[in-house]
Amino acid sequence: MTAHPASEGATAPVPAAADPVRTWRRLAPETVLLDGFHALKHAVRFGADVPVAVTADRAATLALAGDLAPDVRDALAALLTEVPAATYASLVPRPHPTEVAALAVRPSRAANLAVLAQLPRTAPVVVLDNPRNLGNAGAVIRLAAGFGATGVVTTGTLDPWHPTVVRGGAGLHFATAVERLTVPELPPGPVFALDPEGDDIRGLTLPDAAVLAFGSERTGLSVDLRARADHLLSLPMRPQVSSYNLATSVAMTLYHWSAGAP
C-alpha cells in the first residue's frame, strides 16, 4: 500500500469495506491485529497490506491523522469504516483509547528470512534469546525500528507477532523484519552476545553485520546461544545493581552501534 499526502479540504473517500464486521471475522484468524491508531498509522506508513480497519469515531480518527500523521491521512481515510462503539469493542480483546483497530497481513516467513540473511547489511540484527515478557518484546521491536535495525529475531516459545507484542511495538513490526528462529537458524554475521562476564562494550566498535544477542529477562543467555557467540560484551553498570531492563539493554547497545557508524 502506498500512502498519499493529505489534500487540504478533500472529501473523504467512501470506506472500502462494505461489511467490515463480516470481513473482520473472516480474516481475524489469519491476520495480525493492529490495536490503536498508532499501530495502524505505522503499519500503513511502512507498506502493510491492511484489508480492513474500523473506528468508533471516523471524524475524530481522521482529525488525529491530520494532526499526527498527515502523510498517511488519505490512505487511512480510504481504509477506515465507522462502526458503533459496542461493535468495535466486540472485535478486540481490550479496547484502545483511540477506538481504532485493523487487521494486517503478516509478512511471509520467506520474505523475512531473505531480509535477515542478506549480506552485506547496513544495520545489525537484534536477537532476543528465549524472551518471556510480551511487552518487552514489543518495546524492543519499536526500538529496533527506530534505529533502523535490519530485524528482530526471537528464539524460544514467545511469538513476536502476538497481539500484545504488536501493540507494544506500535505497529512497527512492518518497519523491520520480525521472525522467530532457532539458534542454528540465526542470520549470518558475527554474534555479539550481552553477558555480565563479557568485555566492556565501550572498548570496541560494533559492525553493521553484527548479530546482537540478548538473554532472557530471568536466566540470561541460553547454553546454545552462548556457544554460538563470537564475542561476549557487557554494558557499563554500577556495582550492586543487578541488571537493566531488556529494552534498555537493547537501546544502549543499538545506540553504541549507531554512535560508531559513519
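How many aromatic pairs does the ring rule count here? The count comes to one aromatic pair. The rule covers rings of Phe, Tyr and Trp (its six-membered ring) and pairs them if their centres lie within 6.5 Å; planes under 30 degrees apart count as stacked, over 60 as edge-to-face and the rest as tilted. This is a predicted model: local features need pLDDT of at least 70, side-chain atom pairs count only at pLDDT 80 or more, and totals for chains, interfaces and linings use all residues. Residues are numbered from 1 along each chain as its sequence is written, and side-chain values use heavy atoms, with hydrogens and water left out.

**The aromatic pair**

- The ring centres of Trp161 and Phe174 lie 5.4 Å apart and their planes stand at 75°, so the pair is edge-to-face.
- Trp161 sits in the loop between strand E6 (151-155) and H8, and Phe174 in the loop between H8 and E7. The two are 13 residues apart, and the pair links distant parts of the chain.
- Helices (H or I, at least four residues) and strands (E, at least two) are DSSP runs, numbered from the N terminus.
- Both Trp161 and Phe174 are buried. Buried means under 20% relative accessible area, exposed over 50%, and partly exposed in between (1.4 Å probe, protein chains only).

**His173**

- His173 is placed in the loop between helix H8 (163-168) and E7.
- Its relative accessibility is 0%, so His173 counts as buried.
- A polar atom of the His173 side chain lies 2.7 Å from the backbone oxygen of Pro160. A polar contact is a pair of N or O atoms within 3.5 Å; within protein, one must be able to donate a hydrogen and the other to accept it, and residues adjacent in sequence count only if both atoms are side-chain atoms.
- Leaving out residues up to four places away in sequence, His173 touches Ile141, Pro160, Trp161, Val165, Val166 and Val178. Contact means heavy atoms within 4.5 Å.

**The six-stranded sheet**

- Six strands form an open sheet with parallel pairing, in the order E7-E6-E5-E9-E8-E10. Two strands pair if DSSP finds at least two bridges between them.
- Strand E7 (177-180) and strand E10 (231-234) stand at the edges with a single partner strand each, so one side of each has no neighbour in the sheet.
- Neighbouring strands are turned by 30° against each other on average, direction ignored. Axes are lines fitted to C-alpha atoms, for helices over the stretch in contact, and angles run from 0 to 180 degrees between N-to-C directions.
- Three bridges join strand E8 (residues 191-200) to strand E9 (residues 211-214).
- Five bridges join E8 to E10, again in parallel.
- Phe192 has a bridge partner on each of these strands: Leu212 in E9 and His231 in E10.
- Ala193 stands opposite Ala213 in E9.

**The four-stranded sheet**

- Four strands form an open sheet with mixed pairing, in the order E1-E4-E2-E3.
- Strand E1 (32-35) and strand E3 (80-82) are the edge strands, each pairing on one side only.
- The twist averages 25° from one strand to the next.
- Four bridges join strand E2 (residues 52-55) to strand E4 (residues 100-104), which run antiparallel. Thr55 has Val100 in E4 as its bridge partner.
- Helix H2 (residues 37-45) packs on the sheet and touches E1, E2, E3 and E4; its direction makes about 120° with that of E1.
- Helix H3 (residues 58-68) also packs on the sheet, touching E2, E3 and E4, and its direction makes about 145° with that of E3.
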